[in-house]
2 protein chains.
Amino acid sequence: MQLSRKSDYALRAVMHLAGLPKGQLASIGAVAEAQSIPREFLAKILKDLTWAGILVSFQGVTGGYRLARAPKDVTFLDVIEAMDGPVTLNLCVVNPKNCDHSKNCTIREFWLKEQEHFVRVLSKANFQKYKAVSKKK
Amino acid sequence: MQLSRKSDYALRAVMHLAGLPKGQLASIGAVAEAQSIPREFLAKILKDLTWAGILVSFQGVTGGYRLARAPKDVTFLDVIEAMDGPVTLNLCVVNPKNCDHSKNCTIREFWLKEQEHFVRVLSKANFQKYKAVSKKK
């Protein structure tokens, strides 16, 4: 029950971009260095985030990435689902058919409630609230 | 961020045993059939639950498994941690040293809060509340 490394890196990359002045681009190298993310892995993550409509990429030597919308309009749920697909705490919460026993299983109630809670908090956590803070020098 | 199959099966096995009359044993075969859990996998899970002190096993043809303590004294957290180790929603929540950036990372607050919530609800969910209900015939 642990966040994937891919989603963790993606959240931190988006946090970094959300902390930049509006419209400013960051290169893969700059994000990788600031967040200590392996560059090759980050390149794939930023591509996936762009494909998902969360980032916009600009080609060329002065190119880079920025958020596709305001930080307040990008949530943790958007980022995690772009990386790993729908958040599903247990298979039975998505489809009771995943478990033959869901009618007699009292535990499913627990997972349904926690699933609802978790998706709600992830969808309320946006990058206006969680953006990179400047390092004290 | 999904419960492992091993932990899901373990929770359901314990739920099944918690629903039996006090002191009654269940064989591996009976639990496997009632909960549609692959028998070989279940054998390993029940062994691990016994090793963790959650179940007691009795050898012989009339042997089987029962809870080592009252259902109200066994929690989801006990079972999940016996299967998969400490519940850790993100690496940084256990040890800030897992992330070089934890001082400047606003996201860590989020995971600390959710970790606290999740461990609390798992430790409050006991098998007196979540025990198997009889099938309607």
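Predicted model: local features only at pLDDT ≥ 70, side-chain atom pairs only at ≥ 80, totals over all residues.
Colleague: How do strand E1 and strand E2 of chain A run, and which residue stands opposite A:Leu55?

Modeller: Strand E1, residues 55-58 of chain A, is joined by four bridges to strand E2, residues 64-67 of chain A, and the two run antiparallel. Within this pairing, the residue of E2(A) that stands opposite A:Leu55 is A:Leu67.

Colleague: Which residue in the turn of the hairpin formed by E1(A) and E2(A) has a positive phi?

Modeller: Five residues lie between E1(A) and E2(A) in this hairpin. In the turn, a positive phi of about 100° belongs to A:Gly60.

Colleague: Where on helix H2 of chain A do the buried residues lie?

Modeller: In helix H2, residues 28-35 of chain A, the buried residues are A:Ile28, A:Val31, A:Ala32 and A:Gln35. Seen down the axis of H2(A), these buried residues fall within an arc of 100°, so they line one face of the helix. An α-helix has 3.6 residues a turn, so residues three or four places apart point the same way. On H2(A), then, the place asked for is one face of the helix.

Colleague: What covers those buried residues, and which residues are exposed on the other side of H2(A)?

Modeller: The cover over the buried residues of H2(A) includes helix H1 (5-18) and helix H3 (39-51) of chain A. On the other side of H2(A), the exposed residues are A:Gly29 and A:Glu33.

Colleague: At what angle do the axes of H1(B) and H3(B) cross, and what is the relation of the two helices called?

Modeller: The axes of H1(B) and helix H3, residues 39-51 of chain B, come within 10 Å and cross at roughly 70°. Because that angle lies in the range from 65 to 115 degrees, H1(B) is described, relative to H3(B), as roughly perpendicular.

Colleague: How many of the residues in the contact of H1(B) with H3(B) are nonpolar?

Modeller: H1(B) contributes B:Lys6, B:Tyr9, B:Ala10, B:Ala13 and B:Val14, while H3(B) contributes B:Phe41, B:Leu42, B:Ile45, B:Leu46 and B:Leu49. By class, one of the residues in this contact is charged and none is polar, and the number of nonpolar residues is nine.

Colleague: Is B:Pro38 buried or exposed?

Modeller: B:Pro38 lies in the loop between helix H2 (28-35) and H3 of chain B. Since B:Pro38 has 12 C-beta neighbours inside 10 Å, and a residue with 12 or fewer falls in that class, B:Pro38 counts as exposed.

Definitions and conventions: Residues numbered from 1 in each chain as written. Chains lettered and ligands numbered in written order. Pairing = 2+ DSSP bridges. Axes fitted to C-alpha atoms, helices over the stretch in contact; angles between N-to-C directions. Parallel < 35°, antiparallel > 145°, perpendicular 65-115°, else oblique. Contact = placed C-beta atoms within 7 Å. Nonpolar A, V, L, I, M, F, W, Y, C, P; charged D, E, K, R; others polar. Buried ≥ 20, exposed ≤ 12 C-beta atoms within 10 Å, placed from the backbone. Arc of directions from axis to C-beta.
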